[in-house]
Amino acid sequence: MSQPLFQVKDLQVEFDTFGGVVHAVRGVSFEVEQGQTLAIVGESGCGKSVSVQAAMGLLPMPPARIMSGSVLLGGQQVLTDSGKEYRGRDIGMIFQDPMSALNPTMTIGDQIAEPLIVHRGLSKADARRRVLELLDLVRIPEGVKRVAQYPFEFSGGMLQRVMIAMAIACKPKVLIADEPTTALDVTIQAQILELLQSLQKETGMALVLITHDLGVVARVADHVAVMYAGKIVERGTVDEVFYQSGHPYTLGLKQAMPSVKAMTDRAMQPIAGSPPDLFSPPVGCAYGARCPYAMAVCKRHDSPSMTLSNSHSAHCWLHHELAPAGEAKSAVGGDA
């Protein structure tokens, strides 16, 4: 069996705050193959962005602390000082808010050219030629004019395209996209997703997509990791996670998602309660207090990973051989 292109293993991240220690990421592991798309989904605050920022070495330390974990690119460790050369060159990242990610005092051309000069050693003239190629690749017209403009002269959708151009400038093997369509209207969202898929097909890069939008996941992902309270609670192919959901939290996300079916067949059902306090994570299942199917064991012990198929697993006691049969057991593993 071939080694995945990009692997994160047992990543644990904490933050020191005035209120105490926040256990933001608690043993996260995921992997993605070349040319594949992995979507990491979950509600705000579950640790999605912190996980990938830690993997990229972008968290300020302190207050952040990486307690354990490894990040491998083609088998090479990148979560070290010697691994910095990979970041921005072999691993690109699109940030959530282009207005805050881009430097307002630098032209668009200079910002896209910077990684080419730093990581590839291009001259300014060669970098400018490559910048014009990139602007054309991400479908920004009038490149010669645009390179001399500043971020405030671009719309939100165009700024996101600039971020994509910067992220792919060095032809990375892995592209991490952190909520790349959150602040965009529906039409622009579709264009950005289409662009990412087109670039992926052309270059063969792996894509790690961070999102809370299940519609986006259904459209572009090959595999899905569902994250809750700093842990991945379910993983599988997009069809397995959507149509044979193995964790009650995944069912809750689907039932809370607006859709035509929801408007005609049933009302949307928000997930009751609130996520746990990560200053003091619960001893048992973090979702137990909100789960309609919680059992006594869920409050005492967190579930190990239960294998549902070769590519599908979930951290849920309902899949244990001793779990009682009935409505709860039939609710997971089926289309709810």
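Me: Which residue in strand 12 stands opposite Glu234?

Reply: Opposite Glu234 stands Ala314, a residue of strand 12. The model is predicted, so that local features require a pLDDT of at least 70 and side-chain atom pairs a pLDDT of 80 or more, while totals for chains, interfaces and linings use all residues. Residues are numbered from 1 along each chain as its sequence is written, and side-chain values rest on heavy atoms, with hydrogens and water left out.

Me: What makes strand 10 and strand 12 a pair?

Reply: Strand 10 and strand 12 (residues 312-314) run antiparallel and are joined by two bridges; DSSP has to find at least two bridges between two strands, and therefore they count as paired. The strands themselves are DSSP runs (E, at least two residues), numbered from the N terminus, as are the helices (H or I, at least four). Strand 10 (residues 231-237) also pairs with strand 9 (residues 223-228), again in the antiparallel sense, over six bridges, where Ala225 has Arg235 as its bridge partner. Two residues lie between the strands of this hairpin, in which Ala229 takes a positive phi near 50 degrees.

Me: Why are strand 2 and strand 5 said to stand at the edges?

Reply: The open sheet holds four strands in the order 2-1-4-5, with antiparallel pairing. Strand 2 (20-32) and strand 5 (76-77) each have a single partner strand, so one side of each is left without a neighbour in the sheet.

Me: What is meant by the largest nonpolar core, and which residues have the most contacts inside it?

Reply: A nonpolar core is a set of buried Ala, Val, Leu, Ile, Met, Phe, Trp, Tyr and Cys residues joined through side-chain atoms within 4.5 Å. The largest such set here has 66 residues, and Phe6, Phe30, Val174, Ile176 and Val208 have the most contacts inside it. Strand 2 supplies the largest share, six residues. A second, separate core of 37 residues includes Ala127, Val131, Leu175 and Leu207.

Me: How do you know whether Ser245 is buried or exposed?

Reply: The relative accessible area of Ser245 is 0%, and buried means under 20% (exposed is over 50%, partly exposed in between, with a 1.4 Å probe and protein chains only), so Ser245 is buried. Ser245 lies in the loop between helix 9 (238-243) and helix 10 (248-255), and its side chain reaches the backbone oxygen of Val241 at 2.6 Å.

Definitions and conventions
Polar contact = N/O pair within 3.5 Å; in protein donor to acceptor, adjacent residues only side chain to side chain.
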